[in-house]
Amino acid sequence: MPLVSLSTFTSNAAHAGMFDDPNALPTLGQPADLIADGPTEQRLGQAWLRQLRGSAPLWPDPLVRDYIESLLYKLSLHTPLQQPDFSVIVVDDTQVNAFAVPGGVVGVNTGLILSSDSEDELASVLSHELGHLSQRHFARSQEANQYNQWLALAGLLASIAGAAAGAGGDLGVAVGASAQALAVQNQLRYSRAYEQEADRLGLQTLTEAGYDPHAMPAFFLKLDRNTRRLGYMPEFLLTHPLSTTRLSDLARRVADTPRVPLANHPEFRFVQMRLQVAYSTQLDDLIGALSNSLNGSSNSEASRFGLSLAQFRKGDVDAARETLAPLLKSDPNRLDFRISDIDLDLAARNYASAYEKSRRSLSLFPNQPSLLLRLTQAALPLGKADSIRADLDRAVAIRPNDNGLWRLIADCALKQQDTLGVFRARAEYLFLEGRLKAAEDQLSNALRVAGENYSLSAQIQRRLAVMRKLDQEFR
């Protein structure tokens, strides 16, 4: 059978049918045993994450996800969490939302990053979510009715997917999965006591991590005011109800706390600028504004970086490279700048340069998914698949639940004419998107290729059995 590059697969297209009926809830199965231990919560979170990957549009570049992941681990050092193991997901949706479910699954909408005025505000929301995780609020809130945990997760999944599909990137559009989905979603609402406990722990985490604790009440107050002004409820407030009492409690807790001067967090500004440029519908106006800022008193690295990104998005590679050059000269080892430099080479089809720059960058940032993506994009046109396969295999051994890495391995194996490797990598990628039947088909193809190699066939059979067991565990 002919092999097709996995790059031609798109999860949004494969699951577009879900958005045909926004009133339809995803099927998450029958009642499961009450969450009781860490391993069970981990499997539950991964099962839910597989459903989410197949249901909601995700931000394609792992660079944004890796930034959120790094920030979470930094904050987690100041929480009661023991040996945290996060699975981070970034939803391509400009509505303001963040969520955390059992097993360390943490998600943010791109809208949360866009709406934050500083890394302190973004960190305040993530600290609040870590408070829920450390106190296991989800499991505790479902103890009265064991079925509620799956009902609540189904509601959250429908809400995220429905809002992303219905909002179309418009912040002014109300959350509108359906009356049914919203009713189910209510099961996820934490009690007032849990919200206040997450606020208290979040403030403590924020302060100990060196951020301004005043950022949390400031951000929540901003959300509350926007709710009243725009007349719609952000996703985040639907699952984290914000009462006047809660706002007052936050204000009281930080009243006697000295403000921490806002530190310069360039990574936040660069990630935010990437999103602003990507979502811009008036690119010429944005280029003009950023160009003017470079000539005025507000000249900043973020403005120059944004201008380069905007010029790149418009297709002016030479101008983008010229704008980026001073940043690379002043800080040649900053990942954001290196990534943009590699992207410019890829756009110019200078694959040899992109390959060498990706290689050198990986020596500074080992196993970094956004660099591995660029390395693969450069290596495959050069016929260098053999030179990167070990890098990809090593990275996926560290991050076995990273569907993006499995996709790169499938494309690499295709160039290597490693038919068995293609089928096995595709199976992993599809399984991690909640598409068990498609994954089973790939492993069936792998078994045919394995033929009479009984040891290899046994490995494939065992993996197929594990996939089926994991898929059925919470149904």
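Let's start where two helices meet: Phe305, Leu309 and Phe312 in H16 touch Asp336, Phe337, Ser340, Asp343, Leu344 and Ala347 in H18. Sorted by class, this contact has six nonpolar, one polar and two charged residues. Keep in mind as you explore that the model is predicted.

How are the two helices arranged? Two packed helices are described by the angle between their axes and the distance between the axes. Here, the axes of H16 (residues 301-314) and H18 (residues 335-347) come within 11 Å and cross at roughly 20 degrees. Angles under 35 degrees count as roughly parallel, so H16 is roughly parallel to H18. The crossing of H16 and H18 is left-handed.

Now move to another helix, H4, which covers residues 62-76. Is H4 buried or exposed? Twelve of its 15 residues are buried, so H4 is largely enclosed by the rest of the structure. Among the buried residues are Pro62, Leu63, Val64, Arg65, Asp66 and Tyr67.

Let's zoom in on one residue of H4, tyrosine 67. Its relative accessibility is 9%, and because buried means under 20%, tyrosine 67 counts as buried. Which residues does tyrosine 67 contact, leaving aside its neighbours within four places in sequence? They are Glu119, Leu122, Glu267, Phe268 and Val271.

Definitions and conventions. Residues numbered from 1 in each chain as written. Predicted model: local features only at pLDDT ≥ 70, side-chain atom pairs only at ≥ 80, totals over all residues. Heavy atoms only, no water. Axes fitted to C-alpha atoms, helices over the stretch in contact; angles between N-to-C directions. Helix = DSSP H or I, 4+ residues; strand = E, 2+ residues; numbered from the N terminus. Parallel < 35°, antiparallel > 145°, perpendicular 65-115°, else oblique. Left-handed = near helix turned anticlockwise from the far one by under 90°. Contact = heavy atoms within 4.5 Å. Nonpolar A, V, L, I, M, F, W, Y, C, P; charged D, E, K, R; others polar. Expected span 1.5 Å × (residues − 1). Buried < 20%, exposed > 50% of the residue type's maximum accessible area, 1.4 Å probe, protein only.
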